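Look over the sequence and the structure first.

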Amino acid sequence: MSKTSSALSPKSALLTFLLLTSIKWLLVPTYRSTDFDVHRNWLAITHHLPLSEWYFDNGNGTTVHTLDYPPLFAFFEGALSN
């Protein structure tokens with residue numbers, strides 16, 4: 001009776017690792033984080049708008065640029081923006 005193992009051989013594991021790493025490196029230039037854009041928007045809001053307008057749209061409801069995180073963090077962003 002022969003033993004069969006479901007584990008990869010070291011050579012197969014290395015080749016699999018190199019293949020997956022190569023694919024990941026090829027995709028790196030296509031990645032774009034929106035976290036930077038969101039943070040920049042929060043800094044702009046806390047710097048240019050009065051506190052009373054941080055969490056509310058304008059009168060006709062046309063803007064979507066309001067804060068969507070807790071007030072303590074908003075004050076932190078406000079401190080960073082000044």
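What covers the buried residues of α2? The cover includes α3 (71-81). This is a predicted model, where local features need pLDDT of at least 70, side-chain atom pairs count only at pLDDT 80 or more, and totals for chains, interfaces and linings use all residues. Residues are numbered from 1 along each chain as its sequence is written, and side-chain values use heavy atoms, with hydrogens and water left out.

**Helix α2**
- Helices are DSSP runs (H or I, at least four residues), numbered from the N terminus.
- The 14 residues of α2 (residues 35-48) should span 20 Å at 1.5 Å a residue, and the end C-alpha atoms are 20 Å apart, which agrees. The expected span is 1.5 Å times one less than the number of residues.
- Asp 37, Trp 42, Ile 45 and Thr 46 are buried (under 20% relative accessible area, 1.4 Å probe, protein chains only; exposed is over 50%).
- They cover an arc of only 165° around the axis, so they sit on the same side of α2. The arc is taken from the directions from the helix axis to the C-beta atoms.
- Exposed Phe 36 and His 48 lie on the face turned away from the buried side.

**Helix α3**
- Ala 74, Glu 77, Gly 78 and Ser 81 are buried in α3.
- These fall within an arc of 105° and so line one face of the helix.
- The buried residues of α3 pack against α2 (contact: heavy atoms within 4.5 Å).

How values were computed. Helices (H or I, at least four residues) and strands (E, at least two) are DSSP runs, numbered from the N terminus.
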